[in-house]
Amino acid sequence: MNIVNKSPNMVMFEKLSCGEVFRDKHSNICMKIEEVVSGQNMACLCDGSLNYIDNDEKVEKVRCDLVVEN
């Protein structure tokens, strides 16, 4: 995945759509997911772990390109 941000774009987590990529307060690159039964609503892209983030927390929306290679 190539990050192509030109400038920081801070938004409330609730404003993101499922599948959008963001950087959390710890600078982890994550993706918003549909909330699962146990409450997780984000996936950390570095290790695949699922976590929870409050809807009113500010995150940095990330523009990126997914590169798939054989």
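1. Salt bridges. A search of the whole predicted model finds two salt bridges, the term being used for a side-chain nitrogen of Lys or Arg within 4 Å of a carboxyl oxygen of Asp or Glu. In one of them E20 pairs with K61, with the closest N and O atoms 3.1 Å apart; E20 lies in the loop between strand 2 and strand 3 and K61 in strand 7 (residues 58-61), 41 residues apart. In the other, the side chains of R23 and E60 meet at 3.6 Å, N to O, and because R23 belongs to strand 3 and E60 to strand 7, this pair ties together parts 37 residues apart in sequence.

2. E60 is buried, at 17% relative accessible area, whereas R23 is partly exposed at 24%, as are E20 at 21% and K61 at 30%. Buried here means under 20% relative accessible area, exposed over 50% and partly exposed in between (1.4 Å probe, protein chains only).

3. Basis of the values. This is a predicted model, in which local features need pLDDT of at least 70 and side-chain atom pairs count only at pLDDT 80 or more, while totals for chains, interfaces and linings use all residues. Residues are numbered from 1 along each chain as its sequence is written, and side-chain values use heavy atoms, with hydrogens and water left out.

4. Strand 4 (residues 29-32) and strand 5 (residues 42-44) pair over three bridges, and C44 in strand 5 is the bridge partner of C30.

5. Core and rings. The largest nonpolar core has nine residues, including F13, F22, C30 and C44; such a core is a set of buried Ala, Val, Leu, Ile, Met, Phe, Trp, Tyr and Cys residues joined through side-chain atoms within 4.5 Å. The ring centres of F13 and F22 are 5.4 Å apart and their planes stand at 75 degrees, so the pair is edge-to-face (rings of Phe, Tyr and Trp, its six-membered ring, pair with centres within 6.5 Å; planes under 30 degrees apart are stacked, over 60 edge-to-face, the rest tilted).

6. A loop residue. S27, in the loop between strand 3 (21-23) and strand 4, has a phi near 70 degrees, a positive value in a residue other than glycine.

Key
Two strands pair if DSSP finds at least two bridges between them. Helices (H or I, at least four residues) and strands (E, at least two) are DSSP runs, numbered from the N terminus.
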